[in-house]
Amino acid sequence: MRKRLMLNAMISTSLLLSGCVQQEEKHTAEHETGDIREETNSIRDLPSFLSSYNESMSHLYEQAATHQKLLENIPCYCGCGESVGHENNYDCFVHENKSNGAIVWDDHATKCGVCLEIAAISIEQYEKGMSIKDIRHLIDETYKEGYAKPTPTKPM
């Protein structure tokens, strides 16, 4: 029940955000696109840039990181495929998983309601038992009109 409430809160929060925007504040190394990337020792260590957001943002980042297989199969429709080279919705949260267990987080999703909403919907449906293929179809159908070109996510 708590997960559902947190995901619903994230969806509500994401609706208040209007697409992807740049933030001026710098917490760690800033990528040339303006997105902040921060490395932590493991998936259990969330990046410090999340400290300025509410608990639901941290929860969604944690959920996104633990649903890598799912979100790597889900495109993002905010335009990040063309603007920052993302290949899927997972890239909006995590830039790199290192072989030693370290993770390089990306703050892109903190500034983008579309990224947050796609992840929240995908995770919620997955936890309800929907297949990754069906979630992909749901996201593609939901965002096919009125949104940016999807990321070049590998076909299922």
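Contact here means heavy atoms within 4.5 Å of each other. With that in hand, here's a walk through this predicted model.

**Overall layout**

The protein has six helices and three strands, and along the sequence they run α-β-α-α-α-β-β-α-α. There are 156 residues, of which 49% count as buried. If you take the contacts with a separation of 6 or more, 68% of them join residues 24 or more positions apart.

**Helix 6 and what covers it**

Let's start near the end of the chain. Helix 6 has 12 residues and spans 16 Å from first C-alpha to last, close to the 16 Å expected at 1.5 Å a residue. Which of its residues are buried? They're Ile132, Ile135, Arg136, Ile139 and Tyr143. Looking down the axis of helix 6, these buried residues fall within an arc of 105°, so they line one face of the helix. As a reminder, an α-helix has 3.6 residues a turn, so residues three or four places apart point the same way. The cover over the buried residues of helix 6 includes helix 3 and helix 5.

**Helix 5 against helix 6**

Packed helices are described by the angle between their axes and the distance between those axes. For this pair, the axes come within 10 Å and cross at roughly 145°, and the crossing is right-handed. Here's who meets whom across it:

| Helix 5 | 113-127 | Val114, Glu117, Ile118, Ile121, Ser122, Gln125, Tyr126 |
| Helix 6 | 132-143 | Ile132, Ile135, Leu138, Ile139, Tyr143 |

Ile118 is worth a click. Leaving aside neighbours within four places in sequence, Ile118 is in contact with Ile74, Pro75, Cys76, Tyr77, Asn89, Ile139 and Tyr143.

**The nonpolar core**

Ile118 and Ile139 turn up again in the largest nonpolar core, which has 36 residues; together with Tyr61, Leu71 and Phe93, they touch the most other members. Helix 2 (55-66), helix 3 (68-71), strand 3 (103-106), helix 5 and helix 6 each supply at least two residues of this core. Which element gives the largest share? That's helix 5, with eight residues. In soluble globular proteins, nonpolar side chains tend to be buried together.

**A glycine in a loop**

Last stop: Gly34, which sits in the loop between helix 1 (2-16) and strand 1 (37-40). Buried or exposed? Gly34 has a relative accessible area of 7%, and the cut-off for buried is under 20%, so Gly34 is buried. Gly34 and His108 are 74 residues apart in sequence, with 8.6 Å between their C-alpha atoms.

How values were computed:
Residues numbered from 1 in each chain as written. Predicted model: local features only at pLDDT ≥ 70, side-chain atom pairs only at ≥ 80, totals over all residues. Heavy atoms only, no water. Core = buried A, V, L, I, M, F, W, Y, C linked by side-chain atoms within 4.5 Å. Buried < 20%, exposed > 50% of the residue type's maximum accessible area, 1.4 Å probe, protein only. Helix = DSSP H or I, 4+ residues; strand = E, 2+ residues; numbered from the N terminus. Expected span 1.5 Å × (residues − 1). Arc of directions from axis to C-beta. Axes fitted to C-alpha atoms, helices over the stretch in contact; angles between N-to-C directions. Left-handed = near helix turned anticlockwise from the far one by under 90°.
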